[in-house]
Amino acid sequence: MAADFEPLYKILELEQKKGYDNTAVMGGLDRFLANWAGQVSGVIPHRRLLKHFQQLVAKEGYASLSVQQRREWVDSVLRLVAEINGSAPAEAEPPAKTPSPPRAKKLKTAKSSAAPVGGYGLDSPVTAVKGISTTLASKFGKLGVKTVRDLLYFFPHRHLDYSQIKHISQLTEGDEQTIMANVWQAKVARLGYKRGTEAIVGDETGNMRAVWFNQPYLAKRFATNVRVVLSGRVSLFKGQYVFESPEWELVEDKDLVHTGRLVPVYSLTQGLYPRQVRKLMKEVVDLWARQVEDFLPSYLRERCDLLELPQAISQAHYPEDEMAKDRARIRLAFDELFVLQLGVVSRKHDWQETQPDSAFVINRELSDSFIHSLPFKLTAAQQRVLEEMMNDLQKPRPMSRLLQGEVGSGKTVVATVALLMAVANGYQGAFMAPTEILAEQHFVTLCQLLSRVGSQEEETPYLSRFSGLLSRPITVALLIGDITPSQKQELQKRITDGNIDIAIGTHALIQKGVDFRKMGLAVVDEQHRFGVTQRSALRKKGFRPHMLVMTATPIPRTLALTLYGDLDLSVIDELPPGRQTVKTKWLRPSQRASAYNFIRKQVAAGHQVFIVCPLIEESEAVAAQAAVVEYERLSREVFADLRLGLLHGRLSGEDKDDVMQRFRARKLDILVSTPVVEVGIDIPNATVMLIESADRFGLSQLHQFRGRVGRGQEQSYCMLLAENPSEVGRERLNIIENVQDGFVLAEEDLKLRGPGEFFGTRQSGLPDLRMAKLSDVKILELARNEAVELFQVDPGLKKPEHKLLAGEMARVWPKSNAGEWS
């Protein structure tokens, strides 16, 4: 049949099936004929047939004919169409099977071709790709995509399943669905207040509307009778199914990209659009994936039953089906975890096996007298962790231990015992914190603890000496950026001379100019704020000291193994007696006034309040309350009769100290603060934590804020305010409202945000994780076992079969670690 008559033939055939009720085409047959007849008149070769055709279709009022008259008219037109096409009308065809889309071409598992494309290699800038201009390259750059290799590893964050093609008669309201149909008509139409495109499409089971808002230019793309695949959500309008702004694709002799398959959804930034990026990525994958060399040795790949790398990359972007997508993800996740594990296994070996003897003799008399001087009894969890640590310190290789524990679980006490052991063995100890406020608090806490067992002599606000613990006094110093240059110089000299036993500080402790005479132990608090490179720098200050890393952020064991595979794990999973549950409530904007009233009641009862805001100054890009602006507003308009303080990172150390001292001394009722209160600040009298723009924080961070209250005897509360949270934001707020267990929250946070964002692995000196999930316990264990086994056989990756792997290790790991692979 001539293609021009196929729409008419199918519509009339459907009209017969429907009993001539004038519903085969939307708007009725009269409307369709008026628009369509003129388009085909020019292709009818004989004048007699043309005249007969014009008479039939010009006959007005199909809608007004009786059923019998409609039957006769339809039969006449079908006979004429058959005559025009030179054949009798065919018998009615059996119902068509569900149409199949063109399939994605399966990437052959042949060896990859490393021949450059057009003279360009994988490390060429993205502008090497046809269609990527410098302007477009800058937009990809904002997403961290700078090279062709980055593009290949720019994986979609999910796929839409448009692979199951349905007939129109099988569609249901509300679901994401796909059809393959003919366009009967497409035109520019007014949809609401703006122009868009409206199309009538149909298959052998029926017809329906599809509309695209604000896209009038699409009408020209949909010529009458063109075959099209539509994918999207189906809605019901005036009793009829409608596709609203569906993805669309013309059926041509090539792979489908936007419809009729598992369709990738990529991260975007301003100036990048879904169709544009999908089309570009399809071309990049088809042309460049085969150029990627598979760095896994073939014996390892076969033993673990993994896809070849070029195939895995291709299927991760444009998978043939769910099974292919899963197999691709497993291969790519294995790669990430294997390279990561090989790196940390190597580093642990480097730190522990190749260093001079650093065993401590445990001074039980000193540790027992310190523990007995405490105003509380150690929990069973603290005692267990203390023994694990003491066992490590006695060994000839340096301790590398990660100590996890909720806020208030007593990590600092355990760390103090370790520092005392270092000093008793003639070594110095370093204690690093992420913020100056927290470093100062550790200094105060440590001095308070030591003063209970020894007598304190304060030389300056930054230096204290304690006698009575050992045969000589123990000197503790605070080294932060805020002290005067002359004081700093003096402290640095005393550290170098070995006259300071325990130095507490921030990053200042690993700056040039601070050289320890004999560092034996480094304690790092809140590890996720520190990069691996800083940790390495701290180790290099001494003779590869023992390392104790502490965090109040609960890290699921899977991720701890992944990111800190070079550290042994200890967990204080027991809070001291009397610690209570903080009642948590997510408040809507309309409940702000009641939140302020509640704060007033708590202050009237003699308690104190934290109010946390995300930013220091107003930002148009982020609709978050600024602490400075909020402090002024609250002071003037809401709590004019109460005493408010302001704390943020840009205050000088002296001003921060002054604010905190006033808050501790109960001279302030409310402390308005940026997230500097996240870690370490201890105010037992504070019973309320109000978090502004709570949807902008991760679960673990919200849990840290919540941990600032509930440290005294009184019932405490955490109130979360969010103006207009996103879907993920709402999910996060629901979880924090109902879950108190930090480890459960960490699991949820990692599911929502992924390890890269959770820990900022890009900045931490660890390779980024794109495909590995927290739930990939089996893949992680497999990768770790393979990495350990390979390291034992060929630690330097010198064997010929490991040459490509050595290149990958040198490329992925930071330069500071790359020497051993290159």
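What follows is a conversation about a predicted model, covering a helix, some salt bridges and a few loop residues.

Colleague: How do you know that the length of helix α13 agrees with its number of residues?

Modeller: Helix α13 runs over residues 411–424, which makes 14 residues. At 1.5 Å a residue it should span 20 Å, and its end C-alpha atoms are 20 Å apart, so the two values agree.

Colleague: What makes α13 "mostly covered"?

Modeller: Of its 14 residues, 13 are buried. Just after the helix, G426 has a positive phi of about 85°.

Colleague: Why is the pair R233 and E176 called a salt bridge?

Modeller: The cut-off is 4 Å between a side-chain nitrogen of Lys or Arg and a carboxyl oxygen of Asp or Glu. The N to O distance for R233 and E176 is 3.3 Å, so the pair qualifies. The bridge links distant parts of the chain, with R233 in strand β6 and E176 in strand β3, 57 residues apart.

Colleague: Are those two residues counted as buried, exposed or partly exposed?

Modeller: Buried means under 20% relative accessible area and exposed means over 50%, with partly exposed in between. R233 has 46% relative accessibility, so it counts as partly exposed. E176 has 34%, and therefore also counts as partly exposed.

Colleague: Which residue does R364 form a salt bridge with?

Modeller: Its partner is E387, and the closest N and O atoms are 3.3 Å apart. This pair also links distant parts of the chain: R364 belongs to helix α11 and E387 to helix α12, 23 residues apart. R364 is at 37% relative accessibility, so it is partly exposed. E387 is partly exposed as well, because its value is 35%.

Colleague: What makes E388 and R401 a salt bridge?

Modeller: Their side chains meet at 3.7 Å, N to O, and the limit is 4 Å. E388 is in helix α12 and R401 in strand β10, 13 residues apart. E388, at 25% relative accessibility, counts as partly exposed. R401 is at 9%, which is under 20%, so it counts as buried.

Colleague: How many salt bridges does the structure hold?

Modeller: The structure holds 28.

Colleague: What makes the phi of D305 worth a remark?

Modeller: Most residues other than glycine have a negative phi. Phi of D305 is near 55°, a positive value in a residue other than glycine. D305 lies in the loop between α8 and α9. Its relative accessibility is 57%, which is over 50%, so D305 counts as exposed.

Colleague: Where does S693 lie, and is S693 buried or exposed?

Modeller: S693 lies in the loop between β23 and α21. Its phi is near 50°, again a positive value in a residue other than glycine. With a relative accessible area of 8%, under the 20% limit, S693 is buried.

Colleague: Which residues is V126 in contact with, leaving aside its neighbours within four places in sequence?

Modeller: The contacts are I132, A137, V145, K146, T147, V148 and L151. For K146, 20 residues from V126 along the chain, the C-alpha atoms are separated by 5.9 Å.

Definitions and conventions: Residues are numbered from 1 along each chain as its sequence is written. This is a predicted model: local features need pLDDT of at least 70, side-chain atom pairs count only at pLDDT 80 or more; totals for chains, interfaces and linings use all residues. Side-chain values use heavy atoms; hydrogens and water are left out. Helices (H or I, at least four residues) and strands (E, at least two) are DSSP runs, numbered from the N terminus. The expected span of a helix is 1.5 Å times one less than its number of residues. Buried means under 20% relative accessible area, exposed over 50%, partly exposed in between (1.4 Å probe, protein chains only). Contact means heavy atoms within 4.5 Å.
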